[in-house]
Amino acid sequence: MPGFKAVTLVAFLQVAAHGQLYNDVRPVFEKSCLPCHGPQTKSSGLDLSTREELLKGGEHGPAIVPGDPKASLLYKLVSYDAEPHMPYKGDRLPQETIDRIAEWIKAGAPFEQTAGAEVALFRTQIKPLLEANCVRCHNSQIKRSGLDLSTRDALLRGGDTGPVIVAGDAKSSVLYKRISHLEQPGMPFGGQKLPDAAIAQIADWINAGANYDGPLAVGKAALSHWAFQLPQRPPVPEVKNNAWVRNPIDAFVVAEREKRGLTPVAFADKRTLLRRVYLDLIGLPPAPEEMNAFLADDSKDAYDNVVDKLLASPRYGERWGRHWMDIWRYSDWYGWRAQNQVRYSQRHIWHWRDWIIESVNQDKGYDEMIVEMLAGDELAPNNPDIVRATGYLARNWYMFDRNVVLKDTVDYTAMAFLGITLKCARCHTHKYDPITHEDYYRFRAFFEPYDVRTDRVPGQPDLMKDGVPRVYDDKADTPTYRFIRGVDTNPDTEHPLTPGIPAMFGKPDLKITSEPLPLDVYYPDSRSFVHRDLIAQAKADIEKAETELRKSREDLTKAKDQPAPPDDKTVAAVLKAQADVALREKELASAQAALPALGARIAADEAKHAATPPPNLEALESAALKAERHANVVKAEENLLRATQELAAAKPESETYDKDAVKKLGEARAQLEAAAKALQSEDAYTPVGKIYPDSTTGRRLALARWIASKQNPLTARVAINDMWLRHFGKALVPTVFNFGMSGKPPSHPELLDWLAVELMDRNWSMKAIHRLIVTSNTYRMQSSTRDANGKNAKIDPENRYLWRMNDARMEAEVVRDSLLSIAGELDTAMGGPEIDSSKGLESHRRSVYFQDTPDMQVTFLKVFDEANPNECFQRNESIVPHQALALANSTLSLQVARTLERQITKQTGAAAAYDARFIANAFDAVLNRPPTLPERTESLKFLKEQEELFQDPKKLTPVQTGAAGEIKPETDPHLRAREDLVHVLVNHTDFVTIR
């Protein structure tokens with residue numbers, strides 16, 4: 001068949017010729033075109049990486065007309081027949097290269113004619129290998145180690161450590177060395193080495209030029225990860241032990257138990273259950289009368305009624321508000337205390353703390369709380385009760401570095417609400433989750449414009465004493481740049497980024513809309529109460545100055561009335577008194593000048609910002625400027641006199657006066673000169689307060705609504721996990737802030753999703769979820785394993801599948817508050833400024849109201865593992881000697897023991913005949929249970945022995961335990977022994993353990 005062979009040979013030669021044409025132009029494309037017109041960059045919408053994209057063209061239409069170079073835009077641009085000339089801002093290609101491109105276009109712009117054996121190799125052997133073993137971790141979304149293998153262009157770019165292949169030389173290629181395990185880490189990472197035949201095929205492919213026939217299909221494993229899918233309400237499972245099921249939670253738990261052959265332990269007794277739920281929901285133990293009432297109530301609704309009562313208690317908000325404060329990194333301001341300089345957080349951040357507690361008590365939806373914290377200033381700019389919620393963002397403020405503020409905001413917002421480690425993409429694309437380096441900075445762009453300010457509150461014009469710290473959008477046009485490798489000194493300024501969420505969440509309609517703000521929001525000091533308070537303060541300053549002047553004149557009169565002849569001491573006293581009078585006169589003059597100046601500025605402000613400015617606006621502005629200048633001069637004269645007097649009083653050291661005094665004098669002179677110079681200037685008067693931008697960007701509100709949306713797969717799951725952890729001591733998802741691919745899977749995935757949907761369907765009501773959890777039989781089980789089926793501990797030693805309840809140590813605040821509560825000494829006043837941390841053993845307020853910063857915490861609380869304000873998604877739980885020492889020796893525990901002993905003795909009587917009754921009441925008050933028979937016997941023995949010891953105190957060795965308490969110990973040896981017994985009980989392990 002010679003004719004057939006001839007045709008075949010001609011076809012082969014044509015294919016070879018076409019293939020050679022493409023092989024000639026391909027290096028030109030890769031070097032000069034693909035960096036800007038590749039699948040990732042697509043400048044002007046044009047991708048030259050495949051023939052299909054080439055023919056589709058970009059924003060200016062098709063790039064080529066196959067067969068017609070002169071009609072092809074690509075040819076016109078590279079031959080300089082059209083603009084912009086290509087390569088863009090580069091040297092013109094050699095003419096022979098341009099001619100070769102023309103020949104290639106004339107031949108039909110072939111791409112796949114290079115296929116032959118090498119493309120067939122890629123399509124049939126290499127592509128399946130890469131898609132099955134490599135591209136899952138090295139694609140355009142994940143890019144582990146910065147490497148993307150999904151296209152040839154990306155392959156040639158390499159990763160964080162440089163190129164991974166040398167086209168034509170497999171043995172010099174890092175990719176080949178890694179898959180051959182000649183270089184570590186071997187690939188596929190953590191998997192089996194590829195078969196030798198597969199490695200040989202990859203070597204042949206690299207040696208042939210490592211050609212692709214198109215992009216690789218990226219595996220869907222990352223995007224199909226359970227946590228990135230919207231939760232769906234699963235059906236409540238049918239179980240064998242249906243009689244045990246009280247509500248759907250139990251059904252899901254029983255189903256997992258039955259799969260593993262686990263059997264539940266018995267239910268907790270009523271005493272244990274009541275103490276558990278009290279400490280869980282309000283952080284305080286039940287009083288003896290509450291316990292007795294519950295024990296006496298045999299109705300089927302007795303427990304449910306208790307739960308409802310506790311959820312309605314104000315103490316519930318304090319208890320669960322503290323949990324959320326852990327997660328949201330609550331911290332009072334801290335910095336340079338000696339200079340009263342705020343370096344972290346904000347003054348008066350306690351307004352946010354009070355908002356948290358109040359919101360939890362009101363059962364405000366968790367979704368609403370998220371929106372108000374992230375964007376309350378955009379959601380309800382006129383409502384200070386909502387705006388104070390933005391203390392969540394104000395807490396992140398840091399004096400020295402704006403990038404630290406935004407880093408913390410991005411990192412902890414993602415972890416707290418979404419349960420993802422977005423922070424891992426700050427320096428490079430996330431190594432596990434489909435979050436790119438760029439995604440991190442797009443998320444940051446939502447927060448880029450925000451800044452922090454403090455608004456005045458009614459009745460307090462001094463912002464040092466009170467005010468509401470809150471956020472606002474400051475510079476809306478501030479660009480967001482990707483920091484190359486996370487280095488803030490190396491921003492990619494050529495590619496500013498717009499706000500966006502990671503692509504793995506799809507493309508929700510974020511609706512970023514800028515909104516205008518009313519005057520009293522962008523100019524908060526224009527509010528009428530601010531004017532009233534400032535005027536009242538100015539008048540008070542005058543009254544104070546008048547009082548001080550009057551006192552100084554009286555002191556001068558007394559100094560002059562000394563008997564003659566005056567000595568040096570008398571003369572010095574008169575001179576000092578005269579100087580003091582002169583200064584007080586200046587202070588009064590300054591205060592008297594400040595009041596009309598303030599009034600004039602307020603009048604000018606009100607006129608200037610009126611809906612219709614009055615015709616005398618210019619006159620009011622002029623009067624305000626004149627009064628302000630005069631007040632400034634008088635104030636400067638006061639400061640100059642004060643500085644002069646301080647310098648005169650400063651003692652010379654080595655003929656050099658006090659440097660601070662000299663500095664103050666120089667500053668005062670400069671101030672006076674500036675004020676005097678201003679009298680002649682044409683500047684405008686100073687507004688009463690700072691004027692901020694008059695609109696929002698809408699960025700944070702859009703983000704907050706997306707986070708708090710039912711269309712977000714993570715938010716409700718993360719909230720449920722946080723609540724479950726605090727009820728059961730162990731989370732459903734152990735990695736509480738990492739629901740991503742490197743996190744641990746949930747122990748009960750269907751239960752987690754059922755509860756997440758339930759939370760959303762209940763309008764995000766946390767009380768509804770608490771009620772469901774604590775009324776379940778799962779919650780009511782005993783924690784003791786004494787009666788447990790022995791095989792349970794072998795099958796599930798960590799109780800991951802809840803065959804019993806977990807016991808837990810009391811958290812720090814619960815220990816302290818419970819001590820005060822059992823003695824009836826807890827002060828239940830709510831809200832207000834933080835209490836000095838040094839007063840933790842003096843003040844009887846709840847622990848949540850004490851100063852809490854990384855460097856200032858109540859020592860007693862710190863010993864018991866108080867939350868780290870910088871990061872605390874889950875409390876540490878330790879048992880260390882310091883805790884026993886704190887309970888044994890602290891003034892607080894001694895005071896409680898003495899107070900409680902007096903109360904119980906009053907109930908039972910002081911005689912030894914009533915000791916058994918005293919012991920029973922003491923156990924009931926401290927441990928919420930009666931003593932066992934051995935405990936009762938041992939306690940009676942203890943009382944007798946202690947009383948004998950106290951009969952002769954001289955034989956005892958006094959021990960210094962710190963400051964003496966307010967309540968002195970009993971003098972009667974028998975009652976002193978009772979005090980010691982109560983003190984022993986507050987040191988009992990059952991007191992600090994929740995069973």
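**Acidic residues, buried and at the surface**

Reply: Asp-722 is buried, with a relative accessible area of 3%. The model is predicted. The 3% falls under the 20% cut-off, so Asp-722 counts as buried. Asp-722 sits in helix 26, which spans residues 715-728. Leaving aside residues up to four places away in sequence, Asp-722 touches Trp-324, Ile-327 and Ala-416. Take Ala-416 from that list. Asp-722 and Ala-416 are 306 residues apart in sequence, yet their C-alpha atoms are 9.4 Å apart in space.

Next, Asp-466. This residue lies in a loop. Asp-466 has 15% relative accessibility. That value is also under 20%, so Asp-466 counts as buried. Its contacts, again without residues up to four places away in sequence, are His-348, Trp-350, His-351, Val-457 and Gln-460. Ile-349 is 117 residues from Asp-466 along the chain. The C-alpha atoms of Asp-466 and Ile-349 are separated by 9.8 Å.

Now the surface. Glu-825 is placed in the loop between helix 31 (812-822) and helix 32 (859-863). The relative accessible area of Glu-825 is 32%. That lies between the 20% and 50% limits, so Glu-825 is partly exposed. Glu-825 belongs to a patch of negative charge on the surface. Asp-836, Glu-842 and Glu-966 gather there with Glu-825. Patch residues need over 30% relative accessible area, so the 32% of Glu-825 passes that cut-off.

Definitions and conventions. Residues numbered from 1 in each chain as written. Predicted model: local features only at pLDDT ≥ 70, side-chain atom pairs only at ≥ 80, totals over all residues. Heavy atoms only, no water. Patch = residues over 30% accessible without salt bridge, like charges linked within 9 Å, V, L, I, M, F, W, Y side chains within 5 Å. Areas by Shrake-Rupley, 256 points an atom, 1.4 Å probe, with all protein chains shown as cover. Salt bridge = Lys/Arg side-chain N within 4 Å of Asp/Glu carboxyl O. Lys, Arg positive; Asp, Glu negative; His and termini not counted. Charge placed at Lys NZ, Arg CZ, Asp CG, Glu CD. Helix = DSSP H or I, 4+ residues; strand = E, 2+ residues; numbered from the N terminus. Buried < 20%, exposed > 50% of the residue type's maximum accessible area, 1.4 Å probe, protein only. Contact = heavy atoms within 4.5 Å.
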